Amino acid sequence: MSGTSLCRHQIRQLNYYRMIYESDLACIESTRMDRRTFFILCHHLKTTGGLKGSKNVDVEEMVAIFLHIIAHDVKNRIVRRQFARSGETVSRHFNMVLNALLHLHDLLLKKHVAIRDDCIDERWKWFKNCLGALDGTYIKVNVLASNRPRYRTRKNEVATNVLGEVSQDMQFIYVLPGREGLAADSRVLRDAIHRNGFKVPQGYYYLCDAGYPNGEGFLTPYRGQRYHLNDWTHPPNSPREFFNMRHSSARNVVERAFGLLKGRWAILRSRSYYPVKIQCRIILGCCLLHNLIRREMHMDPLEHANHDNDNDSDEDGEYVDNNCYTYIEPSDAWTAWRDNLAREMFEQWQGNQCL
């Protein structure tokens with residue numbers, strides 16, 4: 001080995017050791033996960049994702065490069081210096097890890113788990129048979145100039161409208177990136193149901209915001225009433241207000257999940273260097289990694305920093321896989337059910353207040 005090659009090898013070994021092996025704090029700073037979770041990910045990528053090391057780069061270094069890029073949104077030339085690798089090597093291994101990660105789709109996406117009758121969680125106990133919450137979020141993308149009008153949002157950003165379906169413990173159940181920023185949330189959901197495998201088993205439902213129709217499988221708040229949590233400076237004084245307060249408290253889980261996702265992976269917070277198709281694959285990969293961290297890390301530093309105490313578990317839940325709704329339309333019967341549920345909630349709450 002020549003002097004130059006030896007120097008590059010030593011730089012590589014030193015930087016890699018400091019990044020992964022030195023301490024959990026260093027590993028979290030660089031890859032957003034502790035050492036135990038990092039090696040669990042590497043194991044899954046090898047055994048399920050089919051990722052293999054090369055003569056000069058092992059799997060662990062490939063994964064460290066990939067995680068460092070998406071965690072810090074660094075350009076190829078910066079990573080090239082940090083890891084003492086060529087730009088071609090960095091790019092090739094980034095795509096190899098991304099492809100292997102997407103093969104963990106079935107392993108890392110959360111399964112449907114319904115709220116049971118005996119649930120005691122104050123946020124969720126009112127919503128029996130609820131599977132979680134869903135919403136859309138905008139993530140900036142890089143598209144051709146001719147496509148920018150379709151991807152331009154109301155805030156004049158070029159972005160994709162990403163549909164996310166989230167469980168009670170803030171794990172993603174379903175993710176659909178790629179729809180144009182111009183598309184309304186309800187249109188994205190209809191597209192997910194009709195063409196992209198989104199399913200809601202009959203008898204179950206998701207909590208949604210007022211941008212979606214209130215129909216079978218999708219429970220929305222009342223329009224024209226207080227809703228957001230910071231609106232509740234005094235107690236609710238009607239069934240509709242009480243329903244909205246409880247709905248907001250539970251549905252907030254999806255907004256917090258998106259907040260953690262973007263807070264963890266800087267590559268989702270600014271305009272991508274990658275074509276839109278690759279960026280959509282990165283978005284899905286980031287959601288899978290988010291789920292892995294939620295499952296495997298005993299404490300998520302980002303969540304702790306945000307004073308988030310959502311530590312629910314699905315151990316007492318009920319897995320569901322029934323016939324599914326194949327449409328999303330407003331329903332008078334569903335609205336009547338919501339009214340009955342709101343009255344039941346409010347009367348029970350008033351009764352407890354009198355005790």
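Mentor: Start with the angle between two helices: axes are lines fitted to C-alpha atoms, and angles run from 0 to 180 degrees between N-to-C directions. Keep in mind that this is a predicted model. Helix H3, residues 35-47, packs with helix H4, residues 59-72, at an angle of about 115°, and their axes are 10 Å apart.

Trainee: Why is H3 called roughly perpendicular to H4?

Mentor: Angles of 65 to 115 degrees count as roughly perpendicular. The angle here is about 115°, so H3 is roughly perpendicular to H4. Their crossing is right-handed.

Trainee: Which residues make the contact between H3 and H4?

Mentor: H3 supplies Phe38, Phe39, Leu41, Cys42, Leu45 and Lys46. From H4 come Val59, Glu60, Val63, Ala64 and Leu67. The residues of this contact divide into nine nonpolar, no polar and two charged.

Trainee: What makes H3 and H11 oblique to each other?

Mentor: H3 and helix H11, residues 276-296, pack at an angle of about 125°, with axes 10 Å apart. Roughly perpendicular ends at 115 degrees and roughly antiparallel applies over 145. An angle of about 125° therefore makes H3 and H11 oblique. H3 passes H11 in a right-handed crossing.

Trainee: Which residues of H3 and H11 are in contact?

Mentor: On H3 they are Arg36, Thr37, Ile40, Leu41 and His44, and on H11 they are Leu289, Leu292 and Glu296. This contact of H3 with H11 divides into four nonpolar, two polar and two charged residues.

Trainee: How do you know which element gives the largest share of the lining of the largest pocket?

Mentor: A residue counts as lining if it has an atom within 4 Å of a pocket point. The largest pocket, about 580 Å³ in volume, is lined by 25 residues. Six of the lining residues come from strand S2, the largest share. Strand S2 (130-140) and helix H10 (239-264) each supply at least two. Nearest the centre of the pocket lie Gly136, Thr137, Tyr138, Arg154 and Asp185.

Trainee: How many residues of that lining are charged?

Mentor: Eleven are charged, beside seven nonpolar and seven polar.

How values were computed. Residues numbered from 1 in each chain as written. Predicted model: local features only at pLDDT ≥ 70, side-chain atom pairs only at ≥ 80, totals over all residues. Heavy atoms only, no water. Helix = DSSP H or I, 4+ residues; strand = E, 2+ residues; numbered from the N terminus. Parallel < 35°, antiparallel > 145°, perpendicular 65-115°, else oblique. Left-handed = near helix turned anticlockwise from the far one by under 90°. Contact = heavy atoms within 4.5 Å. Nonpolar A, V, L, I, M, F, W, Y, C, P; charged D, E, K, R; others polar. 1 Å grid on protein atoms, 1.4 Å probe; cavity = no way out; pocket = protein on both sides within 12 Å on 5 of 7 lines; lining within 4 Å. Points joined across faces, edges and corners; volume = space filled by probe spheres on them.
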